Amino acid sequence: MMRTRTPAHLRTRTTAHPRTRAPAHLRTRAPLIAAVCVLALAIAASAQDADKAERTLNNSCQSCHDLRRIQVQAMDEGGWTKTVTTMIDKGAKIAKDDVPVLVDYLVENHGPLPDGAGKSIVLNTCTQCHDLKRIRLGRRSPEEWEETLFSMLNEGAQLTDEEFATVHVYLSRHFGIN
Ligand code: HEC
Ligand code: HEC
């Protein structure tokens, strides 16, 4: 935010009218307004970080392989830090300052998934059309997961009957309502 000197005509006016306390209804709201501003700034900053990370992914991480290699991974901060360091050793060009932002983004979008029989199906099949955010956030009952999986088949997801059953159990157990 740019800080400027108050223009002269306003300065004189303040002196002419003695400073008064803000009316009560404004005073009580001030902390709330401040909190909302801080939140808005935080959201703007995280959106900027996401843009920056996506630029790094597009510019630096695709020069040797496509993003599919990343989409089929589910790692925590330690795992992603190690992978990014390995990629830099292999020759990935990425500014040092951009590394933590990229790692945060990778953890948020390609973070760990619970172990279990359906994990590799989720990573290999469910990432073909969209990221896993909708799965992580979309807690459902077993009946609702079944319905969602049927609609994914309609969208074109390739699942054998066996994979369908396995991933259904996995999602119901780990991304259920309770
Ligand atoms: C200079 C070439 C190069 C660049 C640039 C590069 N990679 Fe890689 N990456 C590789 C190679 C080669 C492999 C395969 C390694 C293997 O199979 O042993 C790989 C494999 C991977 C894997 C699979 C897991 C693994 O450890 O084998 C992931 C995930 C990955 N890269 C992420 C990234 C990310 C994130 C970036 C951007 C920061 C990136 N790569 C940039 C060369 C590169
Ligand atoms: C062939 C592409 C494709 C594949 C593969 C796929 N999806 Fe989807 N998925 C979609 C599309 C398209 C939508 C958006 C549908 C909509 O918004 O109506 C979607 C939406 C979703 C949603 C949100 C649905 C909602 O009602 O909000 C979930 C959850 C989901 N998919 C889970 C999965 C799971 C789990 C898998 C792996 C078994 C999977 N998807 C594989 C295409 C796919």
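Helix α4 gives five residues to the shell around ligand 1, the largest share. Helices here are DSSP runs of H or I with at least four residues, numbered from the N terminus. This is a predicted model, in which local features need pLDDT of at least 70 and side-chain atom pairs count only at pLDDT 80 or more, while totals for chains, interfaces and linings use all residues. Residues are numbered from 1 along each chain as its sequence is written, and chains are lettered from A and ligands numbered from 1 in the order in which they are written.

Ligand 1 is surrounded by 16 residues, with Cys61, Cys64, Met87, Gly91 and Ala92 the closest. A residue belongs here if its C-beta atom, placed from the backbone, lies within 6 Å of the molecule. Both α3 (68-71) and α4 (77-90) supply at least two residues of this shell.

Around ligand 2 there are 17 residues, and Cys126, Cys129, Glu155, Gly156 and Ala157 come nearest. Here α8 provides the largest share, four residues. At least two residues each come from α6 (119-126), α7 (133-137), α8 (142-155) and α9 (161-174).

Helix α4 also meets α5 (residues 98-109): their axes, lines fitted to C-alpha atoms over the stretch in contact, come within 9 Å and cross at roughly 130 degrees. Angles run from 0 to 180 degrees between N-to-C directions.
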